[in-house]
Amino acid sequence: MENTKGTVAFKRFGTMLDCSRNAVMTVGALKRWIDLTVDLGYNTLLLYIEDTYEIEGEPYFGYMRGRYSREELKKVDRYARSKGMELIPCIQTLAHLNAIVRWPAYQQHVDTGDILLAGDEAVYELIDRMFATMSECFGSRTVNIGMDEAHMIGRGKYYDLHGDRDRSQILVEHVKRVAEIGRKHGLTLAMWSDMFFRLAAGGEYYDQDADIDESIKEQIPDNVELIYWDYYSTEKARYDGMLSAHNKLKEGTWFAGGLWTWMGFAPHNGYSIKATEAALLSCREQGIRDVFLTMWGDNGGECSRFAMLPALFYAAELARGNNDRDDIEEKFERKYGISFDEFLLLDLPGTPGVSDDHVRDAEKYLLYNDCFMGLLDSTLAGEEGAKYAACGQRIGKVQKAGEWGGLFETQKALCEVLELKAQLGMRTHEIYAAVRKGVGEDESRCALEELLSDYRKVLERLERFYEAYKKQWFAENKPHGFDVQDIRLGGLSRRIQSCLDRLEELYHGRIQVIEELEEEQLDIQGGNGAPGVALYFNSWSTNVTANVI
C-alpha cells in the first residue's frame, strides 16, 4: 500500500549535507537535492558550513574554499522555502574550525588545534558576525552551532592566559555567551550533545545507563537544544537507552543518524540502512520530533551524496512507518526505473566480498597504498584483484541508471583500476624477492615483464577513472576542493610511474637493489590486522606514505 508524504512521523525530518570538507555543492546541485528529498517527504535540509560562507568584514574566512556568498545562500533558502522545506545552517562556534587557523588573522584567537579561544572578546565578535550572516541569509530562526568534540578546550592558549581551570566550567561559560549572542539575533540554537552529555555522564558519550548530573542539566541555556548523534549502531536497544538518557538531560533532544558518505569514493547504503532502521524505529517509539541524517565528507569529500539514494529512500519509508523491505524495493524501482539491488552495487568497491554488517573502506586505502612501501599490504589475502574484477563487471551490467549513470561509470572505472592495483604492491614484493634471490631466473624475469605490463595498464585505467570522477565531481560541486583530488590522484599516477621506472631499471640491469623493497613490511595496525579483513580506515596522508607530508 502506498504511503503519502504527509504521514512522516517527525516534525522535522531532514538530511545534513557536509559542504566543508572540500566538496562544496553548487547551488544547482543543492536545488536538485531539495527537489529529490522533498519528493520523498523530507521537510528539512541542514547545510553544514564550517567556514564555507561569506562573513562581512572577514575576507580570510573561507578564503579559496568555495565559500557561499550571501546571495547564494539567500537563493538556496528562497528555493527551499518555495518547496516547503526549512533550510537550517550548521556552523561551528568552538571546535572544528581547522581551515581558518592557518591565517594570521585568526591564530591569536585559537586556544589549541582547531578550537577557538573561549573568553576572548574577538572570538565573540566573530560569532556575532556569524549569526548576523545566518539571520540575513536564512529564513529559519534555528542555527546548529556545533560545539562538538572540543576535547582539548582550555589546554592551550587559554591555559597560558588563565591557568588551570575546571574545563567543564570553561565550556559552560562559552555556551552561555554564545547563547546570549544568539538570543540577540532572535535565534534558537541547536548543538551536538556530546560535550554536555560527557559532563553530565562522567566522561562517556555512548553510556546509555549513565546517571545524569542535575547540576549540568541546569547549566544548559533555555534557547539551546541538544542533538544526540549516533551513526554506528545497528542495535535498537542502544538508541533506546541513549534517547532515554538524553531526555533526562534535556527534553526535546534531536536525533542525528548517518548515511555513510564519509569513508571514501564508494557509498555505504547497506550499513546505513541497517543503522537507520534501528534508529528511526526507536525515535518513533520515543516520540522524537526532530530527526535528520548526516552525510559527512571526511578526508576529502570523495563520495557523491546522490549515491546514497537507496538509503535515503529507505529512510523516508521508515519515517512513515513502512519497514516492509520488499514493498520499499518495489516502490524504488517504480519511481526511478532501476532496481534497488542494482543501485546498491555502488557499495561494492568499498566492501568487495564483505557483508554490510560493518563499514569498511577498502577501495580508498588500496587505491593509495604505495606500490613499494605498501603500508597496508598486510591487509591483503591475495584475492582482492579478482573480487574487484567481479565488482566492476557487475556494475558494468547496469543498463538503466538514467541520470545516475555517471555514478556507475565512476565506480566501474575505480574497480577496473583496483583489479590490478589492489595487489600490485604485494606482487611487486614477491617478484622482487624472487629476482633478488635468483630463484627460477627465467620464470622470475617473465613475472617481472608481466608486472611491468600491469603497471602500465594501471596508469591507463587510472586516467580513465580520473576523467569519470572529475566529471562526477563537477556535476555536483564547486571546483574548490578538487585541487586536493588532483594532488592525490595526480601524485598517485606520478608515483606509480616512478615505481615503474625503477622496476624497468632493475629489469635491464641498470640497478640491482630497490631500497624500499628490501625492508621488512610490518603490520601498521600494530599486529592487530588480519589478512583479508578490510579496515575501517580513511586517512590519505597516513596511508600513502610513512614520511612527512
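# A walk through the model

Guide: Let's start with two strands: S2 (residues 44-48) and S3 are joined by five bridges and run parallel. Keep in mind that this is a predicted model.

Visitor: What makes S2 and S3 a pair?

Guide: Two strands pair if there are at least two bridges between them. Here five bridges join S2 to S3, so they meet that cut-off. One place to look is Leu-47, whose bridge partner in S3 is Pro-89.

Visitor: How does the chain get from S2 to S3?

Guide: By way of helix H2 (residues 70-82), in a β-α-β crossover that is right-handed.

Visitor: Why is S3 called mostly covered?

Guide: Count its residues: S3 spans 86-90, and four of the five are buried. Buried means under 20% relative accessible area.

Visitor: Why is Phe-372 called buried?

Guide: The cut-off is under 20% relative accessible area. Phe-372 has 0%, so it counts as buried. You'll find Phe-372 in the loop between helix H14 (362-368) and helix H15 (384-396).

Visitor: How do you know what span to expect for helix H10?

Guide: Take 1.5 Å times one less than the number of residues. H10 (residues 269-285) has 17 residues, and the expected span is 24 Å. From first C-alpha to last, H10 reaches 24 Å, close to that expectation.

Visitor: What makes H10 mostly covered?

Guide: In H10, 12 of the 17 residues are buried, among them Tyr-271, Ile-273, Leu-280 and Cys-283. After H10 comes Gly-287, with a positive phi near 70 degrees.

Visitor: What about helix H1: how far does it reach?

Guide: H1 (residues 27-40) reaches 20 Å from its first C-alpha to its last, close to the 20 Å expected for its 14 residues. Its buried residues include Trp-33, Ile-34 and Val-38. Gly-41 follows H1, and its phi is positive too, near 110 degrees.

Technical notes. Residues numbered from 1 in each chain as written. Predicted model: local features only at pLDDT ≥ 70, side-chain atom pairs only at ≥ 80, totals over all residues. Heavy atoms only, no water. Buried < 20%, exposed > 50% of the residue type's maximum accessible area, 1.4 Å probe, protein only. Right-handed = clockwise from strand over helix to strand, strands pointing away.
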